[in-house]
Amino acid sequence: MASPEQLAVLGATGSIGTATLDVVARHPQRYQVYGLSAHSQVQELAHLCQQTGAKVAVISDPERYQDLKRALAAAGSKARALAGPEGLLELVEQDQVTTVMAAIVGAAGLAPTLRATELAKRVLLANKESMVIAGPLFRSTLEHSGATLIPVDSEHNALFQALPPDHQAGLARCGVEQLILTASGGPFLHASESDLDAVTPAQACNHPNWDMGRKISVDSATLMNKGLEVIEARWLFNAAPDQLDVVVHPQSIVHSLVRYRDGSLLAQLGLPDMRTPIAHALAWPERIESGVAALDLTAMEKLEFHAPDRNRFPCLALAFEAMQAGGSAAASLNAANEIAVQAFLDGEIAFTHIARVVAHTLDQAGSHGAASLEHIMAADREARTLARTVVSQRIG
Ligand code: NAD
Ligand code: MG
């Protein structure tokens, strides 16, 4: 058997990170964990390093470097400690690392994910925000480096599975008319506008079908998650904005669909467990066991589909507008949303103000272009400042 793939898991302590380590542990002949990262959870990171035999541990908050060294020693791990955003780059740059699971949350994941792509690693992309804010840059980098990038986000992984293998040659050439992303609708699918005003962080993070990190849980509740995913799909599959559509499907069994010219609609189905897309991305083009139970279709009561309500969930409309605007608008949208979601989780603004903070920020943000990392980071920084001002003025 070939030597095992050497894996770096960025965001190893998160929901996707731990699900990845669960799948990997089922295939010790196939995968070895070379390095793991976390932002500030030193104990969890040290414990995971000891468990997996990782050789490198990165704590991206540089203040926690000494804590990490102590925690690694206490946990009995021999992993080399690195810190800060540079530590993330150093990990993915290691020659031994063949595969990078990009599972950091937010724009903080962009630099190491882009570097892994430049270095032609096998990139498994969960960190949707990086594709949203730097889509054109990823496309040109992929063309130059020849890296393989496989989407882990369940909708995009479903689309990848339902598209023909040569889809990167162009959707039209494959007879594809539309990419249809399914949305669960989140925990407030049927809530009235006044109910939405009073939503608490605990309610917003209590997703009916998926067990996820707090930021993406809030994004799912506002439907910003689906908006970000539409932009992610645009760049992953080189789709025109009018080729992308969203349909609400509360059961989260059909993970997305591809509509072909001849009337065919191809979908991928499965239980809502991220280990399926993670295992698919890890092993593609092969298939490996993921630990996910088989889907029993006869046990399904019903599978429903309906149009999203863009009035009650304005974040979805804002994301479509940013996609149409192009340039740095998606980076501004994403940064404003990160600030607004954190302010909501910290009890500073109401749930319904998240969309208002994003809208106010987009109104005021300049146009920076998206040709380079510097342009994107300038748009990101400006939008964070604008959004923080809106939050502090409570006009959100
Ligand atoms: P999470 O909050 O559970 O974990 C995030 C991880 O990133 C943690 O390891 C944390 O330590 C690290 N991190 C946080 N802030 C960081 C920073 N500033 N710098 C570096 N590292 C940082 O999040 P998650 O739910 O696992 O989501 C991770 C990514 O995957 C997100 O982009 C999310 O949108 C995407 N995603 C998640 C799911 C899911 O089911 N959880 C599904 C699809 C896509
Ligand atoms: Mg998704």
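Let me begin with a term: a polar contact is a pair of N or O atoms within 3.5 Å, and within protein one of the two must be able to donate a hydrogen and the other to accept it, while residues adjacent in sequence count only if both atoms are side-chain atoms. What you see above is a predicted model, in which local features need pLDDT of at least 70 and side-chain atom pairs count only at pLDDT 80 or more, whereas totals for chains, interfaces and linings use all residues. Residues are numbered from 1 along each chain as its sequence is written, chains are lettered from A and ligands numbered from 1 in the order in which they are written, and side-chain values use heavy atoms, with hydrogens and water left out.

Now to ligand 1. An N or O atom in the side chain of Glu129 is 2.7 Å from an oxygen atom of the ligand, a backbone N or O atom of His39 lies 2.9 Å from a ligand oxygen, and a polar backbone atom of Gly11 is 3.3 Å from an oxygen atom of ligand 1. On its own the ligand has 830 Å² of accessible area, of which the protein covers 87%, by the Shrake-Rupley method with a 1.4 Å probe. Two elements give two or more residues to the shell, helix 1 (15–25) and helix 6 (128–145), where helices (H or I, at least four residues) and strands (E, at least two) are DSSP runs numbered from the N terminus. In total 23 residues surround ligand 1, each with a heavy atom within 4 Å of it.

A pocket, on a 1 Å grid over the protein atoms alone, is an open set of points with protein on both sides within 12 Å along at least five of seven lines, a cavity is a set where a 1.4 Å probe fits but cannot get out, and lining residues have an atom within 4 Å of a point. This pocket is lined by 15 residues, with Leu142, Ala147, Leu149, His167 and Gln168 nearest its centre.

Which residues line the largest cavity? They are Ser154, Asn157, Trp210, His255, Gln268, Leu271, Asp273, Thr276 and Pro277, and the elements that give two or more of the lining residues are helix 7 (154–162) and helix 12 (275–283).
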